[in-house]
Amino acid sequence: TLSIVNSTIQNNGRHGVNTNNVVAPNIQSSTFSNNGQHGLSMTNVGTLVVPSSTFSANGQRGLYAAGIVTGSITNSVFTGNGDFAAYLNFNNGRLTGNDGNSGSGNGKGVMVFTGTLSGATTLAPNPTLPYSFERNLTVNSGASLTLQAGVVFKPVLDSDESLNVSGTLDAQGTAANPVLITSIKDDSVGGDSNNDGSATSPAGNDWTSIRVFSGGSISLNYTTVRYGGYFQYYCGYTCYYDYANLGIEGGSLSLNNSTVSNSGSDGIRTYTGSGGTLSIVNSTIQNNGRHGVNVNVSSASISGSNIYSNAQYGVYNGNTAITIDAKNNWWGDPNGPKPRGNGNGINYASHYDNVCKCTVIDRYYVDAVPWIGYQANSGQNVAWQAYVAEPVNTANGNYTYEHTDISIPTRSLPLAF
């Protein structure tokens with residue numbers, strides 16, 4: 001057993017405290033500072049509850065814990081640690097408390113999660129200490145990860161890192177308080193989390209992906225996902241990484257009033273095979289390095305959304321057995337998506353016709369008609385003929401114009417046309 005209460009652990013050459021197989025330590029209201037490596041380091045910890053403690057100026061991580069089954073970190077302060085503020089590895093575990101934490105001046109000012117989650121974990125917003133994942137964090141089948149309004153997530157780049165959802169990921173942002181999933185270099189939210197001032201700026205490729213697998217579901221409400229989609233074709237020997245901000249591998253992905261942008265590759269894509277479902281409503285897909293949406297799913301619908309400024313297709317449908325319903329969207333041009341207009345394109349089947357010496361479109365794989373602006377710009381053009389001061393029915397606004405082209409005399413009244 002281990003109990004550290006109302007204590008100060010400081011000035012050690014390595015870790016302040018280092019334990020293995022202490023399954024339920026009692027840590028509360030204590031300070032871990034100026035230690036050479038981690039302030040508090042625990043492996044195979046089982047149950048970890050840390051309230052009202054301070055981790056400061058440690059050479060590496062303020063708090064490192066591995067093998068967590070049940071964890072709670074509340075009302076604690078992380079300042080000036082050399083690496084991650086806190087690093088939490090879960091072994092089919094859950095986090096039951098995480099509010100009231102704060103951080104500043106850490107080498108990586110985030111609370112990192114890795115490993116596997118079971119049961120229910122709900123993350124509360126900590127404005128100066130964003131959450132993160134490094135390597136793989138998996139939400140197991142039957143488990144749930146809920147992001148409350150105002151939560152900021154800043155994943156850390158690793159070539160194999162992603163948030164894998166076989167259970168449920170539910171981001172509960174609001175219009176006034178959205179959820180933000182962004183780069184650790186993004187100082188506009190959650191502070192300067194990589195502690196380098198203005199030396200770096202966020203960009204696509206800064207992290208990899210959030211992926212939903214068969215049986216899993218991701219629901220994003222008032223959520224922004226940006227600067228992921230790590231893409232690297234060649235890295236000196238044989239490397240090929242091709243991610244998207246959001247990936248579908250058989251599960252369901254739903255976006256409502258959300259934004260997916262600035263991916264190094266696709267904004268949303270299917271990685272392997274086919275299957276899964278996609279629903280996008282009142283959202284924005286923009287400024288992604290390749291396609292905005294690139295999927296091979298069993299069903300997909302996109303409506304009321306803005307899809308523009310993606311480097312290649314706005315929406316690319318890889319499952320030609322279906323047609324993606326993408327009506328009533330804005331494509332960046334009032335004449336609609338390419339090839340119909342000049343907006344972000346959609347894919348289609350075509351052939352070259354030797355009679356007209358032109359390319360003929362046989363089928364659109366994405367149904368974009370009507371689009372926002374369609375009626376105002378795609379109606380019949382009526383040439384202006386004349387203006388004559390003729391009577392207007394003020395009751396119904398009807399305009400009457402009379403003109404005789406030919407008159408044929410008869411025995412009675414003439415025939416006038």
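Hi everyone, let me begin with charges: the structure holds 9 salt bridges. Please keep in mind that this is a predicted model.

Lys185 and Asp206 meet through their side chains in a salt bridge, at 3.5 Å from N to O. This pair links distant parts of the chain, with the two residues 21 apart. Lys185 and Asp206 both sit in the loop between strand 20 (179–181) and strand 21 (209–213).

Are these two partners buried or exposed? Lys185 counts as partly exposed, because its relative accessibility is 28%. Asp206, with a relative accessible area of 12%, is buried.

Arg269 has a relative accessible area of 13%, so it is buried. For Asp266 the relative accessible area is 0%, and this residue is buried as well.

Now compare that with Asp325 and Lys327. These two form a salt bridge whose closest N and O atoms are 3.3 Å apart. Asp325 is partly exposed, at a relative accessible area of 33%, and Lys327 counts as partly exposed too, at 28%.

The charged end of Arg61 sits over the ring of Tyr87, 4.2 Å from the ring's centre. There is another arrangement of this kind: the charged end of Arg340 sits over the ring of Tyr364, 4.1 Å from its centre.

That brings us to rings next to rings. How do we describe them? A pair of aromatic rings is described by the distance of the centres and the angle of the planes. The count in this model comes to 12 aromatic pairs. One of them brings back Tyr87: Tyr64 and Tyr87 are stacked, with 5.7 Å from centre to centre and 25° between the planes. This pair also links distant parts of the chain, since Tyr64 belongs to strand 9 (residues 63–74) and Tyr87 to strand 11 (residues 84–97), 23 residues apart. Both Tyr64 and Tyr87 are buried.

For a contrasting geometry, turn to Trp371 and Tyr374. Their rings form an edge-to-face pair, 4.8 Å centre to centre with 85° between the planes. Trp371 counts as buried at 6% relative accessibility, while Tyr374 counts as partly exposed at 28%.

Which residues form one aromatic cluster? They are Phe90, Phe113, Tyr131, Phe133, Phe153 and Trp207.

Next, a look at a strand. In a regular strand the side chains alternate between the two faces of the sheet. Leu169 and Ala171 make up the covered face of strand 19, and Thr168, Asp170 and Gln172 the uncovered one.

Which strands pair with strand 19? Strand 16 (residues 144–147) is joined to strand 19 by 4 bridges, and the two run parallel. Strand 22 (residues 217–221) is joined to strand 19 by 5 bridges, and these two run parallel as well. You can follow Asp170 across: Asp170 is the bridge partner of Thr146, and in strand 22 the bridge partner of Asp170 is Ser219.

My last stop is a covalent link. A disulfide is a covalent bond between the sulfur atoms of two cysteines. The count for this model is 1 disulfide. That disulfide joins Cys356 to Cys358, with 1.9 Å from S to S. Cys356 is partly exposed, with a relative accessible area of 40%, and Cys358 counts as partly exposed at 28%.

Key: Residues numbered from 1 in each chain as written. Predicted model: local features only at pLDDT ≥ 70, side-chain atom pairs only at ≥ 80, totals over all residues. Heavy atoms only, no water. Buried < 20%, exposed > 50% of the residue type's maximum accessible area, 1.4 Å probe, protein only. Pairing = 2+ DSSP bridges. Salt bridge = Lys/Arg side-chain N within 4 Å of Asp/Glu carboxyl O. Phe/Tyr/Trp six-rings, centres within 6.5 Å; stacked < 30°, edge-to-face > 60°. Lys NZ or Arg CZ within 6 Å of the ring centre and 35° of its normal. Disulfide = S-S within 2.5 Å.
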